[in-house]
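Have a look at the model first, and then we can walk through the points together.

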Amino acid sequence: MGGAFLALVLAGCAGEGEPDAAPQDSPPASGSASSSASAPSSEGTDGPGDSAPTEPTTPAETAPALPPAPHELSLPTLMAEEFVGGPIEQLGVRDAPGPYRELAVAFDSSGVRVSGVLAVPEGAGPFPAVVLNHGYIEPSVYVTGQGLTRERDRLVRAGFVVLHVDYRGHAASDDTSDFDRESRLGYTRDAINAVRSLEREEYVDPERIAMLGRSMGGAVTYNALVAQPGLVDAAVVFAPVSSLFVENYEQFTVPGRSGVASRLVESFGSPEEEPERWAGLSARTYADRITEPVLIHHGTADDTCPPIWSEQTQAAFVAAGVDSELITYDGEGHAFGPQFEDSMATTIAFLREELEIAAG
């Protein structure tokens, strides 16, 4: 990979000028180990000379082979990584807008300290949980917990622990490289580690964790699903970017950040010259790895992330055998306004069903 510039591609759903992922009502911030499959034990097999009948020998079960990595900076590199997260550290108490606790927190994400906001319902738990992946907001102006405050409030009131991930390079998180940020590989690591960190907490039910992303956070969510199948039990995305990296680059980076686009091509090769490299950053390339049900919300009047992107993603998911559903909202824009409450009611019902949460 040629230079640090590589990272300046794809500044979220819409590059430099992308509007906030959702209306901003964010208050200012105040003051288990990963699971892995193991091969069956060979202990107890009959040795030479044993006269007892033996079962026909079959190859030991192994994990599915990982796809080849077209470049070290690609989604297959995340597929081969082990994610363990770290204990969630409390940084301060925030003023919660409802009858629940809200904390400024931080956790370890593959050696990077990442900040966020944790909301916990009243009671002892253990509670189901949701990791939130926010949309593009310029890191220099972003404040902790920004972008998904409405969703966070609705989910915690519905009985979910909610961890809103700031991402590396945002708020109180450690800084990161340009490429790690703009490729969304770093953000994807943060979302995956957020799940692993939640699994460590005694007030969280580790068997009932979901992920929700908006706009650029939709790509982060898709990436996490293909990188670590089985990580969560369900996923929801609102007004997501394209599941093809090159479409975001062509729509936003080329017209809005031409200098960055030129330097990217010089170092990484153009999409025409190096199609496999570009495909290696696209969740759609690896859609057949998704094992969780996915719910996609998209407004027909979204002028930031075209609805056709979700239609094409849904078609690719169906072709790959993914349990997915696309719900479109007539006249609804990118941020979701008039139909937001309906979309959240559908989301909460979906999560309760998929996480097998009893009514009551």
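**Notes on the aromatic rings**

1. Welcome to this predicted model. A search across the whole structure turns up six aromatic pairs. One of them is formed by Tyr167 and Tyr187: the ring centres are 4.3 Å apart and the planes meet at 10°, so this pair is stacked, because planes under 30 degrees apart count that way.

2. Where do Tyr167 and Tyr187 lie? Tyr167 is in the loop between strand S5 (161-165) and helix H3 (178-182), while Tyr187 belongs to helix H4 (residues 185-199), so the pair ties together parts that are 20 residues apart in sequence. Tyr167 has 0% relative accessibility and therefore counts as buried. Tyr187, at 1%, counts as buried too.

3. Next, please look at Tyr329 and Phe336. Their ring centres are 5.2 Å apart with planes at 75°, so this pair is edge-to-face. Tyr329 and Phe336 are both buried. Ring pairs also bring in Phe238, giving a cluster of Phe238, Tyr329 and Phe336.

4. A charged residue deserves a glance as well: Arg150 sits over the face of Phe340, 3.9 Å from the ring centre.

5. Finally, some figures for the chain as a whole. The protein chain has ten helices and nine strands. Of its 360 residues, 56% are buried. The chain exposes about 15,000 Å², and carbon and sulfur atoms supply 50% of that area.

Methods. Residues numbered from 1 in each chain as written. Predicted model: local features only at pLDDT ≥ 70, side-chain atom pairs only at ≥ 80, totals over all residues. Heavy atoms only, no water. Phe/Tyr/Trp six-rings, centres within 6.5 Å; stacked < 30°, edge-to-face > 60°. Helix = DSSP H or I, 4+ residues; strand = E, 2+ residues; numbered from the N terminus. Buried < 20%, exposed > 50% of the residue type's maximum accessible area, 1.4 Å probe, protein only. Lys NZ or Arg CZ within 6 Å of the ring centre and 35° of its normal. Areas by Shrake-Rupley, 256 points an atom, 1.4 Å probe, with all protein chains shown as cover.
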